[in-house]
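Have the 3D view open as you read.

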Amino acid sequence: MCRRAAERRLLRSPRKSELTLNIKDELLDDELTTAAFGRVADAPVVALCVIIPAYNEAQSIADTIRSLWAQTLVPAEILVVDDCSTDGTGELAGNLGVTVLRPLKNTGSKAGAQNYALHRVRTPWVMAIDADTVLAPDAVEKLVTAFQDDRVVAACGFVLPRRVRTIWERGRYIEYLFAFTFYKQVQDYFQRPLISSGCFSVYRTDVLQAIGGWPSRTLAEDMDLTWSLYEARHQVRFVPEAVCYPIEPHDFHYMSKQLRRWSHGFVQNLRLHWREMLHVPFLRSAVAVAVWDAAIASFVFLFVLPILAIVLRAPWLLLGYAIDAPAILVPVLAGAIPRGETRLALRSFPMFFILRTLNAIFFMRALWTELVLGRSLRVYEKGH
Amino acid sequence: MTAGMPGAGVGGLFYLLNALWMPIREIWLASQGRSSASSRRVVRRQVSIALGILASMWLAARGLTAAFALQPAMRSFAGFDSSVQSREIPGLLSYAAIVGSAFSLAVILIGVQTLRLFVPSRRVLTSSSRRHVGMFLLAIALTGPGIAGAQAPEEASYRAALKENPNDSRTSFLLAGLLERSDPSESERLYRKYITLESGDPWGYIVLAEFLGRSARYSDAIGLYEEALLRAPGERDAAYGRARMLARAGRTEKSIEGFEQWLRSHPADADAWRDLSRQLQRAGRYKSATTALKRADQLVLDGESSERIEYLSRASAPAIKPAFSFARDSDGNTRTRTELGGDFTVRDGVRTGISFSTNRISDLSVEHRFQDFAVHTELRPRATVRINAAGGAVRLSSQLNNNGTGGSVLVPKAMVHIRAASESNATRFDVRVNRTLLDATPLLVDNRIVRTEIQTRPDFGLSRRFRLRGIGGFGRFDGAGESNTRYTGGAGAAWTLRPSLELSGNFTQSNYAHASHVGYFAPEAIQTAEGSSYLEFENEVAVVALDLGAGAQRFKEHGSIVGPWRPAWRSYALVSFRLRSHADLAFELDTYNTQAGPAIAPVSGWRYASASTSFRWRLP
């Protein structure tokens, strides 16, 4: 079978039994070499195109691509958008059997790079993955099961840091274990995962194209897209069995960049979506309590508790900083024990409280800057 | 990305409560056949985590208590020396945190729900309204960057162009599109200018009609669509858009005519068949709605249709309805009623059935049982007219037979209830004629008091949100050798905040011809001033309706002076659950605290409560 015929088969609607198309051999005959790219020899191909936006990701992109080729369900096409990198990212990716696209100039944001490739996608599904993220071998296979429900237009997986060494990586590890084991699974049960994570999500291509691709009007394009999908009455799912491992910021410099982008992105999305979001059940309540925690709880955490402790000469009030530690530990252990990571979780647990305090500072600052001063952060700074 | 501070306070409590709510929701889903093994697994897991969190919090509080109680060093660190203060610390920390978080969460959730009532969605376009998307794209194409935002430079240049040439129709149109949100009145003026300058262009009329439709000015919008149709009789957007606008205006019958007219010449328009189906459903013609939807599916398959077709088929299927109710009043009268009924569709818009009930009424010393049966019919000759009629009899047992001859006696009863509205829904009329046996107490049943009454409630819409109401009625009471009459008159006003929320105020007065000694309270005059609210909420699984009224009443007994105003209130709540597609389970609660009762009260200062449950099962 020629390559074009194989592509035509890929474009068919992938309903249930048609979910996978075992046409590996035809594709391999033409272009790919199993040994070179670490591809599983008998893995079936799924009608899925992967878009990897990349700017100076030479350190990590090879792992990302290899983990895609090593999937139990291999994507039909991988598009790397080399957003005018200067470290040879594009050449490196090109040598790993993927299609590399290079815009004439830097698109300015992750969403911009993703949209640059979106119009080339011909498969019914498209995956977004970061260039520093690797997948568990069965991540794609697990994730696409969500689309057996025709109403689902986007699905995301469980996120865990690839490296857990520094204070910040450990704090993030606990944060993710807690959030993805408890919060996100409750959100998913009520059919409203708060965000389909930008580092690893799959979308129905026609819906994504119809909605205009990844929006670049805020600094949190994944949140903007997810909430837009809800407002358009679509469904999003979270599949905890599909696991991905991004590289998280390892030092304060990168962590602060990431938190700055996230916190401003959250406030920008809030301003953009609050009116429509009021009409999306569960999401409106989940976001309202998140706003409360970002504003009031952060204020209490950063100002009220220490001031009261000093004024009232009651140091016991400082217990408030960690009074919920046992409550947080339960979901953390529930997530860590089945992974055999109990010791790692226990060792990393105290770092969570440092990261949480930093998180509070950035969210307070973002609220103040965006809502009170009216200064919207627009510059997209890479920070993993 | 995790927004806020995970774990702390309100967010944590929100997810904890949701996790604890999951098993209840899962039971509910199971009752509808929507539970699955995977969702049950998730529920088990999340509930275990939630219970683990609760246990850990309890243990933490206990641990702190023990630590503060036992360790002098910790008490010293905390700044407390007395053992009393030490013991209070964990309590302060845990209880204050829980109470504070719970209170904050309640405020947030109530705030969000309240805000939702007052902030309408801006979303006009839906994924199903493809033609509207077409219209929207057309408007974008015509208006260029106007709709997209960043309008100041464009606005300045359009205004400058209009200053130079005030009759530039295209610039007028572009500026009108640009100003739709920021200056609606100027936008309308410019659109109107455009259609004056380009009177032959149907699109000018259509775009202005859509603009006015978004402000709920349906009459103007429909008029403009008719102008567009005159200019382009075969244009889909004009014919189809007019029918849709009629539907939005609530003019269902006209909308059905519009869609049918379009479909006669364009039978392959699947979207039009679907819209026609919706309007037929609204008019209560479920069989025709099913046919239209099936026709649409034959043309273009829609994933959502199968569920709707099943719903429509079930709506027109025969149904049986068992019900049970219990009521008690402040005089110690209790009443139970067990009912079995059934109905079926004769043809589209006509449904008929029968019901049979056994009743038990008792006070502290007397108990009576009686049965009644009725044949009832519901007619929907037009979308805006609904007629309910029923006829039957109450069968009183031998000890209630006044003749003392044994056997039983039948007391005929009848009811006709007509509700009609003008096409625009601006004027509504409600007439009810009723002949019934009063059965609130054993004494009334003993005396076989029969009330024959006619009530009317005209309702006039002064604006989209504001309505005036009239109340009028005449009733005759016969039984136990006594005859009495009652006149009722009143007026009120209602303000519709949202289609599902209405506030109203009204004043009514009733006058009885003379006092009664046969078991009901009949003062010379009763005056009621009441403020009330009506709230309705509906989603795919439940309907909730709340009707609350509070105000004051006073009365004047025959030959006496007018009494003081006294508080009075009433409430009615309905919760109806949809179990799968063919069954409904409803609960109703009705309470009164009144001086004279809305229909009849045995004594002044009467308090009454009734609860009922019913199950409606539609046969396959």
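## Chain A overall

Chain A has 14 helices and nine strands; helices (H or I, at least four residues) and strands (E, at least two) are DSSP runs, numbered from the N terminus. Keep in mind that this is a predicted model, where local features need pLDDT of at least 70, side-chain atom pairs count only at pLDDT 80 or more, and totals for chains, interfaces and linings use all residues. Residues are numbered from 1 along each chain as its sequence is written, while chains are lettered from A and ligands numbered from 1 in the order in which they are written.

Of the 384 residues in chain A, 51% come out as buried (20 or more other C-beta atoms within 10 Å of the residue's own, with C-beta atoms placed from the backbone). Take the chain A contacts (C-beta atoms, placed from the backbone, within 7 Å) with a separation of 6 or more: 77% of them join residues 24 or more positions apart.

## Helix 6 of chain A

Helix 6 of chain A, residues 110-118, is mostly covered, with seven of its nine residues buried. Those are K110(A), A111(A), A113(A), Q114(A), N115(A), A117(A) and L118(A).

What do they pack against? In chain A, the partners are strand 2 (45-54), strand 3 (74-82), strand 4 (99-101), strand 5 (125-129), helix 9 (205-210) and helix 10 (221-231).

## Where chain B meets chain A

On chain B, 45 residues are in contact with 51 residues of chain A. Helix 1 (9-31), helix 2 (37-70), helix 3 (72-78) and helix 4 (83-118) of chain B each supply at least two residues of the side touching chain A. Helix 4 of chain B gives the most, with 10 residues.

Key
Buried ≥ 20, exposed ≤ 12 C-beta atoms within 10 Å, placed from the backbone. Contact = placed C-beta atoms within 7 Å.
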